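The following exercises are to be worked with the sequence and the coordinates at hand. Each task is followed by a solution in steps.

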Amino acid sequence: MIYLNAFLFCGFICFLGQMILDHTRLTPGHVTTIFVVVGAFLDTFSLYDKFILWAGGGALLPITSFGHSLIHGALMKASNLGPMGLFMGMFDLTSSGIIASIVISFFLSLILEPKD
Amino acid sequence: MIGDDMEKSTYKDLVKKHTPKEDSLLNGGIAFIVGGIMGVVAQLLIDFYGYYFSIPKSAAGTFMLITFIFLGCLFTALGFFDKWVTFAKCGLIIPITGFAHSIMSAALEFRKEGFVTGIGANMLKLAGTVIIYGIVSAYVFGILRLILGGAV
């Protein structure tokens, strides 16, 4: 059942992105930025956590989960340390994604030639 | 004279690019199906990693993200990813593979200009917007949550 939810949720987000891309003059960069901000907004009152429980990997894979994990880590630290925790916990959950992308692309760009 | 011709032809190209609105539903359908399949594969990978390495679900989710980032970077570097994106569009851009693709393509493109001024300065050129607006919005919403919702 969670596989069907994952299909529907991830597909729906991609569909929304495609609609924004087709019917406005925004570039893919704008669309991904909008989705990150939307993900951060949805987790302000822990709504995105419910999506993750409902759709599993389908909710973790889209870029909205990047915004979600930024604010989630920040709020987790803030619950112990107050407002200063927002500065400390922001990357707690997201660091793996950013660091993996940077390290992997650095070494792959050393090994492989660009193909055009 | 030549400039006039060029302007006309680019104008025609622009008009041609923006007029067909009827296949936007087809694009949306393709994005829906491709994105949905990616979501199912993500859930399969989470279950697989959780079972095979016997780790909790959150760690398995991180492993899954790293797998997708690695695949996105690899296929970008091998040159397949751009062709797939022209077919599936947002089905591949909205998942984390699009983030990996933007970093990898910038790194490949500016590789000729050297390590520091090329790769180092330009790698996060496209992904930087995602990171910066993500952090700023998360900070603002975090303050909002602390004011409105009290303790988490």
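## Exercise 1: The interface

Task: Determine how many residues of chain A and of chain B take part in the contact between them.

Solution. Step 1. Taking contact as heavy atoms within 4.5 Å, one finds 64 residues from chain A and 65 residues from chain B. The model is a predicted one, in which local features need pLDDT of at least 70 and side-chain atom pairs count only at pLDDT 80 or more, whereas totals for chains, interfaces and linings use all residues. Residues are numbered from 1 along each chain as its sequence is written, chains are lettered from A and ligands numbered from 1 in the order in which they are written, and side-chain values use heavy atoms, with hydrogens and water left out.

Step 1. The size of an interface is often given as the accessible area lost when the parts come together. Here the buried area (the accessible area, with a 1.4 Å probe, that two parts lose on being put together, summed over both) is about 5700 Å², and carbon and sulfur atoms give 79% of it. Of the area that chain A buries against chain B, A:Tyr3, A:Phe7 and A:Leu61 supply 12%, more than any other three residues.

Step 2. A salt bridge requires a side-chain nitrogen of Lys or Arg within 4 Å of a carboxyl oxygen of Asp or Glu; between chain A and chain B the count is 0. Polar contacts are pairs of N or O atoms within 3.5 Å; within protein, one must be able to donate a hydrogen and the other to accept it, and residues adjacent in sequence count only if both atoms are side-chain atoms. Across the interface, 11 residue pairs are in polar contact, both residues being at pLDDT 80 or more.

Step 3. At least two residues each come from α1 (2-23), α2 (28-42), α4 (57-60), α5 (64-81), α6 (85-89) and α7 (95-111) of chain A. The largest share, 17 residues, belongs to α1(A). By class, this side has 44 nonpolar, 17 polar and 3 charged residues, where Ala, Val, Leu, Ile, Met, Phe, Trp, Tyr, Cys and Pro count as nonpolar, Asp, Glu, Lys and Arg as charged, and the others, Gly among them, as polar.

## Exercise 2: The two chains

Task: State the secondary structure and the buried fraction of each chain.

Solution. Step 1. Chain A has 7 helices and 0 strands; its C-alpha trace spans about 50 × 35 × 35 Å along its principal axes. Chain B has 8 helices and 0 strands.

Step 1. Buried means under 20% relative accessible area, exposed over 50%, and partly exposed in between (1.4 Å probe, protein chains only). Buried residues make up 48% of the 116 residues of chain A and 41% of the 152 residues of chain B.

## Exercise 3: Cysteines

Task: Decide how many disulfides the structure holds.

Solution. Step 1. With a disulfide defined as a pair of cysteine sulfur atoms within 2.5 Å, the count over all chains is 0.

Step 1. A:Cys10 is in no disulfide, the nearest cysteine sulfur being that of A:Cys14 at 4.6 Å; A:Cys10 is buried at 0% relative accessible area. B:Cys90 is likewise in no disulfide, and the sulfur of A:Cys14, the nearest to it, is 7.1 Å away. B:Cys90 is buried at 1%.

## Exercise 4: Selected side chains

Task: Which residue forms a salt bridge with A:Asp92, and where do the partners lie?

Solution. Step 1. The count over all chains is 1 salt bridge. A:Asp92 pairs with A:Lys77, their closest N and O atoms being 3.6 Å apart.

Step 1. A:Asp92 is in the loop between α6 and α7 of chain A, and A:Lys77 is in helix α5 of chain A, 15 residues apart. A:Asp92 is partly exposed at 40% relative accessibility, and A:Lys77 is partly exposed at 26%.

Task: Describe the surroundings of B:Ser137.

Solution. Step 1. B:Ser137 lies in helix α8 (residues 127-149) of chain B and is buried at 9% relative accessibility.

Step 1. A polar atom of the B:Ser137 side chain lies 3.1 Å from the backbone oxygen of B:Gly134. Leaving aside neighbours within four places in sequence, B:Ser137 is in contact with A:Val37 and A:Ala40.

Technical notes:
Helix = DSSP H or I, 4+ residues; strand = E, 2+ residues; numbered from the N terminus.
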